[in-house]
Amino acid sequence: MISIKNKIEHHLLDYEKVQASFSWDTIARELSGLPDGKGLNISHEAIDCHAHSPLKDTVAFRFIRKDRNFQDFTYAELQKQTSKFANVLQNLGVQKGERVFSLAGRIPELYTTALGTLKYTAVFCPLFSVFGPEPVFQRLSRGDASVLMTTSALFDKTIKQILERLPLLRYIIISDITEHVSEKILSFSKLIEQAKDNFVIPKTNPEDAALLHFTSGTTGMPKGVLHVHQAVLTHYITGKYVLDFHEGDRYWCTADPGWVTGTSYGIIAPLVNGVTCIVDEEEFDAARWYSILEEHKVNIWYTAPTAIRRLMRMEIKPCIEYNLENLRLILSVGEPLHAEAVIWGEENFGIPILDNWWQTETGGIMIANYPSMKVKPGSMGKPLPGVEIAIAAINDKQLKLITEPNVQGHLVLKKRFPSLFRGYLHENERYNKCFIGDWYLSGDLAKKDTDGYFWFISRADDIIKTSGHMVGPFEVESSLMRHPAVAEAAVIGKPEPTIGELVKAFVVLKTGKEPNEETKMDIMGFARKEMGPAVAPKEIEFVESIPKTRSGKILRRLLKARELGLPEGDISTLEQS
Ligand code: ATP
Ligand code: MG
């Protein structure tokens with residue numbers, strides 16, 4: 001166990017105490033300042049309530065351009081911009097609950113669109129800007145999009161060719177043209193220029209629809225996940241307890257704005273807690289990232305295992321080559337974080353990397369290594385106060401909680417907490433299948449230790465059954481990555497008549513390592529010694545790269561389909577390298 005540098009007094013110093021007295025109603029009253037805690041509007045809590053407070057001149061967003069110049073927006077400025085956008089929607093005759101999509105990189109207009117839409121009580125839905133025309137079409141049509149905000153480059157590349165097939169799409173607002181093109185294709189700046197900068201937020205009910213996010217599509221066809229305005233309560237407390245936001249903090253979330261982390265933690269949680277968000281327009285670049293941490297004096301940094309693995313492979317020694325004295329917390333989400341990565345953080349930044357677990361469906365962080373607690377490298381941490389999380393055995397649609405520690409089972413969450421999804425778009429049956437009684441089935445397998453820490457095993461779909469053993473690919477991948485030649489690994493089960501499934505590993509070698517028989521045998525021998533012959537891979541294939549989703553998750557189902565010569569399924573979220 002390692003403790004975090006205790007530079008300031010962290011929130012949630014006494015986890016057990018907070019958990020024992022936790023009530024969502026109290027949190028709702030605390031956040032809204034109202035006796036009944038009702039009427040929370042995400043955008044109001046994120047911006048308007050700060051715009052007339054001492055925080056009004058604090059920078060809400062700092063946008064770093066490709067050339068490293070940056071532009072700041074204060075909370076007061078953001079309030080005006082987003083009110084203007086809400087008025088734009090009103091002027092266009094958009095109705096409450098209609099869906100407003102974005103297809104853009106990290107540009108200021110995207111953030112204005114998101115928060116202006118929420119203010120207006122329409123539903124915001126972000127898309128990855130790198131999607132091709134077909135995945136964009138699928139999502140816009142499945143999501144009944146009324147309005148789309150995009151850039152002229154993406155309009156030409158992606159939207160033009162699908163426009164005819166989207167009769168419900170009434171308006172396309174383009175961020176970088178100065179004049180309207182037609183009644184349907186409009187200029188963002190012109191609309192904003194003509195709109196009033198004050199807007200009275202309509203009465204918002206806790207259960208009013210707010211957000212639609214499509215899942216990463218790691219296990220199949222992406223699902224459209226619906227969230228409501230009261231989800232902001234989860235964003236508020238996770239911001240406080242997990243991300244440890246304090247006034248004056250500079251925070252950087254590297255997630256793409258096209259998936260849920262980009263919204264929940266790239267926009268809502270930090271603003272609700274009144275901190276400054278750093279937004280970098282560029283994609284991953286190790287040297288650039290380290291210098292942003294240094295130059296912008298980032299205090300809290302939220303990133304993902306895929307980026308951390310890439311940084312670990314580099315020769316750069318961040319703590320020697322950069323002045324990162326302001327960096328207080330590093331957090332990770334999206335995939336399991338190997339224990340080695342947690343320790344690498346400790347060695348290279350003086351702080352361990354804090355893993356946390358959640359899903360598009362949970363809307364916010366659910367299990368976390370809190371800054372105030374001991375970190376167990378390789379563990380996801382403990383449940384968020386206010387959310388009951390357990391391990392269960394599921395047989396014949398019957399659920400039985402497992403109370404014994406260290407026993408593997410399904411990770412289940414008791415409904416219902418503010419940010420739990422309220423539906424899969426147009427897929428009621430799929431939604432209903434996620435619940436047994438009061439429990440939401442996450443689809444992941446995990447175990448809980450005697451101290452109450454949760455450990456990720458695998459996605460239920462990825463588990464490998466070999467010679468009577470249940471093997472989680474993550475466990476095998478973690479072990480392989482301890483071999484000095486291995487940069488990355490992905491493990492699948494390959495059907496085999498005698499043992500059920502055979503463990504097969506796809507391995508990316510570190511630069512300079514030879515992909516020959518000798519290296520293969522050495523890695524196999526190492527794995528056998530570490531894990532035992534029953535679990536160690538029986539086959540290893542060297543590959544140049546491992547297929548991942550745009551949100552950085554290993555696509556094991558694609559490796560398996562390719563291995564077996566089966567159809568690839570939905571690969572709209574596949575990252576093209
Ligand atoms: P789909 O549901 O379409 O298959 P997805 O599950 O990858 O895609 P997301 O909602 O983006 O879509 O990801 C949530 C999943 O990511 C979790 O269910 C879990 O499997 C994995 N995950 C997220 N964080 C962690 C973590 N800290 N440790 C282990 N797994 C994690
Ligand atoms: Mg999922």
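Which helices and strands each supply at least two residues of the lining of the second largest pocket? They are helix 10 (260–272), strand 14, strand 19 (409–414), strand 22 (439–448), strand 23 and helix 16 (473–481), where helices (H or I, at least four residues) and strands (E, at least two) are DSSP runs numbered from the N terminus.

The model is predicted, so that local features need pLDDT of at least 70 and side-chain atom pairs count only at pLDDT 80 or more, while totals for chains, interfaces and linings use all residues. Residues are numbered from 1 along each chain as its sequence is written, chains are lettered from A and ligands numbered from 1 in the order in which they are written, and side-chain values use heavy atoms, with hydrogens and water left out.

**View 1. The second largest pocket and its lining.** A pocket is defined on a 1 Å grid over the protein atoms alone as an open set of points with protein on both sides within 12 Å along at least five of seven lines, whereas a cavity is a set of points where a 1.4 Å probe fits but cannot get out; lining residues have an atom within 4 Å of a point. The second largest pocket has a volume of about 970 Å³, a volume being the space filled by probe spheres set on the points, which are joined across faces, edges and corners. Its lining consists of 48 residues, and T219, Q359, S442, D444 and R459 lie nearest the centre. Strand 22 gives the most to this lining, with 5 residues. By class, the lining of the second largest pocket has 21 nonpolar, 15 polar and 12 charged residues; Ala, Val, Leu, Ile, Met, Phe, Trp, Tyr, Cys and Pro count as nonpolar, Asp, Glu, Lys and Arg as charged, and the others, Gly among them, as polar.

**View 2. Polar contacts of ligand 1 with D355, K553 and P336.** A polar contact is a pair of N or O atoms within 3.5 Å. A nitrogen atom of ligand 1 lies 2.8 Å from a polar side-chain atom of D355, and an oxygen atom of ligand 1 is 2.8 Å from a polar side-chain atom of K553. Ligand 1 taken alone exposes 630 Å², of which the protein buries 97%, with accessible areas from the Shrake-Rupley method and a 1.4 Å probe.

**View 3. The shell around ligand 1.** The space taken by ligand 1 is the second largest pocket, a molecule being placed in a pocket if more than half of its atoms lie within 2 Å of the grid points. Strand 14 (353–357) and strand 23 (454–459) are the elements that give two or more residues to the shell, and strand 14 gives the most, with 3 residues. Of the 22 residues around ligand 1, T215, S216, T218, T219 and T360 come nearest, a residue being near if one of its heavy atoms lies within 4 Å. The shell has 7 nonpolar, 9 polar and 6 charged residues.

**View 4. The largest cavity.** The count comes to 3 cavities of 30 Å³ or more, and the largest cavity holds about 90 Å³ of space. Of its 14 lining residues, Y111, C253, G266, I278 and V279 are the closest to the centre. Strand 10 (250–253), helix 10 and strand 11 (276–280) give two or more residues to this lining, which divides into 10 nonpolar, 2 polar and 2 charged residues.

**View 5. Backbone geometry at R416 and T121.** A cis peptide bond, with omega about -5°, joins K415 and R416, and R416 has its place in the loop between strand 19 and strand 20 (423–424). T121, in the loop between helix 5 (108–120) and strand 4 (123–127), has a positive phi near 70°.

Definitions and conventions: Polar contact = N/O pair within 3.5 Å; in protein donor to acceptor, adjacent residues only side chain to side chain.
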